[in-house]
Protein chains: 2
Amino acid sequence: MKDELEKCFEFILEIEKLKAIERRTKPLGLDRYENSAEHSWQAALLALVLAKFGDEALNIEKVIKMLLVHDIGEIDADDVFFFDDAGRLDAKEKELAAMKRIFGILPEEKAAELFGLWNEFENGDSREAKFARAIDRVMPVLQNLYNNKQSWTENGVTKEQILTKTAYIGDGSAILWETIAAKIENAFE
Amino acid sequence: MKDELEKCFEFILEIEKLKAIERRTKPLGLDRYENSAEHSWQAALLALVLAKFGDEALNIEKVIKMLLVHDIGEIDADDVFFFDDAGRLDAKEKELAAMKRIFGILPEEKAAELFGLWNEFENGDSREAKFARAIDRVMPVLQNLYNNKQSWTENGVTKEQILTKTAYIGDGSAILWETIAAKIENAFE
């Protein structure tokens, strides 16, 4: 038992590093970029808050757990901007290796549980994964919509790119995507 | 439905402010203080990872939800150092008012759900609240133990204060407290 505890402690201190991984979005009212640890917290909470807008049979607790672990691989692979297709393809392998290394610190059973959550999120097939992926994407869209399109403007992202590449939000929640898409249209008028 | 969505969006953007609330602990390897949003993420994950060390009948999903919301009141009340008794007493009322204001942004049903989670955590009576409170306390203790007692040293906290004031970790998990208490003893040798 004590040995297992030590492994858990080592893991939780290893993932301190996610607090140093910078994203492209600035939190409203702050003149700095947010990090992936803060983002993971906010995404998990957004899932909890928007649960009823997902599929009726949704296991929201599983969605929350997915969102808590979904970015941990960035500790080795770094955050790649959502609209950087080449960079994201390249990062996929690095993230897989990172997840194996970092979850591998944990006791075997727990490592398998967290790796399973991440893997399901990455594959994106289950209803929980679809909703989690939608939420993960909605969060920075909301931040942009209410913060003068900050990261879109800084990175020269067009309305068409956003509408095309974030349309999978609709796979997680039709009404959510409908509402968000209308807001994106408005923001570029 | 659209009106409810708008309320959820307003809430999730309001809680951006938790990313600006500074704690006394520095993340390992970073020369800055951590904020309460990052901390909430890490505490939720620590609960998930340590679930088996809690009470057998523990609803770990509820613990995770509690930890996601537990610090939101700091947006209005600010973070008060754990060892500042007078400050913490004073903050209690401010936090209650903050929770009412901030959760009050949400649709009624969701506001009640999140307020209930926070209230249960604050009261500390249920097995989930006891485990959540233990985890919330274990996290900065681990950070101190593995980071040269950084926040304890900066704030002149003694071994006796730590051992006395964090002993309630044992209400959430006896083996966790036993292990942590031994580590605290060692750190001050």
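## Helix 3 against helix 7 in chain B

In this predicted model, helix 3 of chain B (residues 60–69) packs on helix 7 of chain B (residues 127–145) at an angle of about 50 degrees. Their axes sit 9 Å apart. With that angle, helix 3 of chain B and helix 7 of chain B are therefore oblique to each other, and helix 3 of chain B passes helix 7 of chain B in a right-handed crossing.

Which residues of helix 3 of chain B meet helix 7 of chain B? From helix 3 of chain B come Ile60(B), Lys62(B), Val63(B), Met66(B) and Leu67(B). Facing them in helix 7 of chain B are Glu128(B), Ala129(B), Phe131(B), Ala132(B), Ile135(B) and Asp136(B). Sorted by class, this contact of helix 3 of chain B with helix 7 of chain B has 8 nonpolar, no polar and 3 charged residues.

## Helix 2 against helix 3 in chain B

Helix 3 of chain B also packs with helix 2 of chain B (residues 36–50): the two axes come within 8 Å and cross at roughly 170 degrees. That makes helix 2 of chain B roughly antiparallel to helix 3 of chain B, since angles over 145 degrees count that way. The crossing of this pair, helix 2 of chain B and helix 3 of chain B, is right-handed.

Helix 2 of chain B brings Ser40(B), Ala43(B), Ala44(B), Ala47(B) and Leu48(B) to the contact. Helix 3 of chain B brings Ile60(B), Val63(B), Ile64(B), Leu67(B) and Leu68(B). The contact of helix 2 of chain B with helix 3 of chain B splits into 9 nonpolar, 1 polar and no charged residues.

## Helix 3 against helix 6 in chain A

Over in chain A, helix 3 (residues 60–69) and helix 6 (residues 108–123) have axes that come within 9 Å and cross at roughly 95 degrees. So helix 3 of chain A and helix 6 of chain A are roughly perpendicular to each other.

Lys62(A), Lys65(A), Met66(A), Leu67(A) and Val69(A) make the contact from helix 3 of chain A, with Leu114(A), Leu117(A), Trp118(A), Glu120(A) and Phe121(A) from helix 6 of chain A. By class, the contact of helix 3 of chain A with helix 6 of chain A has 7 nonpolar, no polar and 3 charged residues.

## Where the chains meet

How much area do chain A and chain B bury between them? About 5200 Å², with 74% of it on carbon and sulfur atoms. Phe9(A), Lys19(A) and Trp41(A) supply 14% of the area that chain A buries against chain B, more than any other three residues. The contact takes 57 residues from chain A and 57 residues from chain B.

Charged pairs show up here too: the count between chain A and chain B is 10 salt bridges. Glu34(A) forms a salt bridge with Lys19(B), where the closest N and O atoms are 2.7 Å apart.

Technical notes:
Residues numbered from 1 in each chain as written. Chains lettered and ligands numbered in written order. Predicted model: local features only at pLDDT ≥ 70, side-chain atom pairs only at ≥ 80, totals over all residues. Heavy atoms only, no water. Axes fitted to C-alpha atoms, helices over the stretch in contact; angles between N-to-C directions. Helix = DSSP H or I, 4+ residues; strand = E, 2+ residues; numbered from the N terminus. Parallel < 35°, antiparallel > 145°, perpendicular 65-115°, else oblique. Left-handed = near helix turned anticlockwise from the far one by under 90°. Contact = heavy atoms within 4.5 Å. Nonpolar A, V, L, I, M, F, W, Y, C, P; charged D, E, K, R; others polar. Buried area = accessible area lost by both parts, 1.4 Å probe. Salt bridge = Lys/Arg side-chain N within 4 Å of Asp/Glu carboxyl O.
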